[in-house]
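Hi,

Here is the model I promised to pass on. Have a look at it first, and my notes follow below.

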Amino acid sequence: MQGRLIVFEGVEGCGKTTQIARSQTWLLESGLLAQLKTQSQISHLVVTREPGGTELCQAIRQLLLHPTGQEAMQNRTELLLYAADRSQHVAGFLKPQLAKGALVLCDRFTDSTIAYQGYGRRLDRNLIDQLNQIATDGLTSDLTLWLDVAVEVGLMRAKQRGTGDRIEQATLDFHQRVQQGFTELAQAHPQRIVRIDASRSEEQVFKDIQAAIQHHLKRWQAA
Ligand code: T5A
């Protein structure tokens, strides 16, 4: 069995959660998933996220985003916790699911670490690449949908939704560097990363996501 991994990436409030939910409903209710089951090795659909994709990862997510007490988290500690979350998620959930033929919709993956800890925190890129390699054991996404929206717009959307977590509360400068990270990653990996203009309405964004997913599903079936 051969599953496929579709990752959604972008700055805070770019709309990943909203679009993953819409994509899940569409794939299930349009009959597309049922069709895939008969015409490809895809057997089922799962939705997951980083950090927090398993029970243990949920505890790491809590530490990362809502730590208690006054002690500031060191940048390398943050990087290692994201790597620990990913290692657990990949080995304990993603790889077993993909081996069973899952079509996986995942909220964030390795590019987030490059963008946030590499560009945002300015940690060494070689170190991040090595940790990503260790944590993923070589697993890469089949398709990454980068929801591109101006940082100010994304942060405003996230703020309107409720109280920000530890990373959302970082400086605007930090989030601008993260955005630069996603921009350069998309330029460096045009085959894997598809840019979606996420500044438009939910409906318009969703139309482009549907088109990108349908295009790639056809390519994978033909391969
Ligand atoms: N992180 C993660 C790292 O630093 N390194 C890593 O390696 C990894 C994996 C995760 C945090 O961890 C960091 C990045 C993050 O800071 P999280 O809670 O999972 O934290 O938060 P985010 O991934 O940032 O997700 P958010 O929930 O903040 O944003 P989403 O999911 O992109 O946005 P969404 O869909 O919740 O939408 C936000 C609001 O905007 C509205 C929605 O209704 C919602 O209210 N909205 C729109 N409004 C207008 N137009 C549109 N097109 C809209 N789409 C959505």
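Let me start in a loop: P51 sits between β2 (44-49) and α3 (55-65). Helices here are DSSP runs of H or I with at least four residues, strands are runs of E with at least two, and both are numbered from the N terminus. The peptide bond from E50 into P51 is cis, with omega near -5 degrees.

Before you read on, some housekeeping. This is a predicted model, so to speak of local features I needed pLDDT of at least 70, and side-chain atom pairs count only at pLDDT 80 or more, while totals for chains, interfaces and linings use all residues. Residues are numbered from 1 along each chain as its sequence is written, and side-chain values use heavy atoms, with hydrogens and water left out.

R108 has phi near 75 degrees and lies in the loop between β3 (102-107) and α5. With a relative accessibility of 13%, R108 counts as buried; the cut-offs are under 20% relative accessible area for buried, over 50% for exposed and partly exposed in between, using a 1.4 Å probe and protein chains only. D137 has phi near 50 degrees and belongs to the loop between α6 (125-136) and β4 (143-148). D137 counts as exposed, at 57%.

Helix α4 (residues 75-99) is worth a look too. Its 25 residues should span 36 Å at 1.5 Å a residue, and the end C-alpha atoms are 34 Å apart, which agrees. (The expected span is 1.5 Å times one less than the number of residues.) There is a bend of about 45 degrees in α4 at V90, taken as the angle between axes fitted to the seven residues ending there and the seven starting there. After α4 comes G101, with a positive phi near 95 degrees.

**Aromatic rings**

How many aromatic pairs does the structure hold? There are three. Rings of Phe, Tyr and Trp (its six-membered ring) pair if their centres lie within 6.5 Å; planes under 30 degrees apart are stacked, over 60 edge-to-face, and the rest tilted. Y116 and F174 make a tilted pair, because their planes are at 55 degrees, with the centres 6.1 Å apart. This pair links distant parts of the chain, 58 residues apart: Y116 is in helix α5 (residues 110-120) and F174 in helix α8 (residues 172-188). Both Y116 and F174 are buried.

Y116 also pairs with F182, this time edge-to-face, at 6.3 Å centre to centre and 75 degrees between the planes. Since Y116 is in α5 and F182 in α8, the pair ties together parts that are 66 residues apart in sequence. F182 is buried, as is Y116.

Elsewhere, R86 lies over the face of F109, 5.5 Å from the ring centre. The test for that is NZ of Lys or CZ of Arg within 6 Å of the ring centre and within 35 degrees of the ring normal.

**The cores**

The largest nonpolar core has 50 residues, and I6, F8, L103, L145, L147 and I209 touch the most other members. A core here is a set of buried Ala, Val, Leu, Ile, Met, Phe, Trp, Tyr and Cys residues joined through side-chain atoms within 4.5 Å. Helix α9 (residues 202-222) gives the most to this core, with seven residues. Apart from it lies another core of 12 residues, including V7, F93, L98 and C106.

Leaving aside neighbours within four places in sequence, I209 is in contact with F8, Q19, S23, L145, L147 and I196, where contact means heavy atoms within 4.5 Å. S23 lies in helix α1 (residues 16-29) and is buried, with a relative accessible area of 0%.

**Two more spots**

M156, in helix α7 (residues 151-161), is partly exposed at 47%. The C-alpha atoms of M156 and G13 are separated by 7.6 Å, although the two are 143 residues apart along the chain. H189 is in the loop between α8 and β5 (193-197) and counts as partly exposed at 33%.

Cheers
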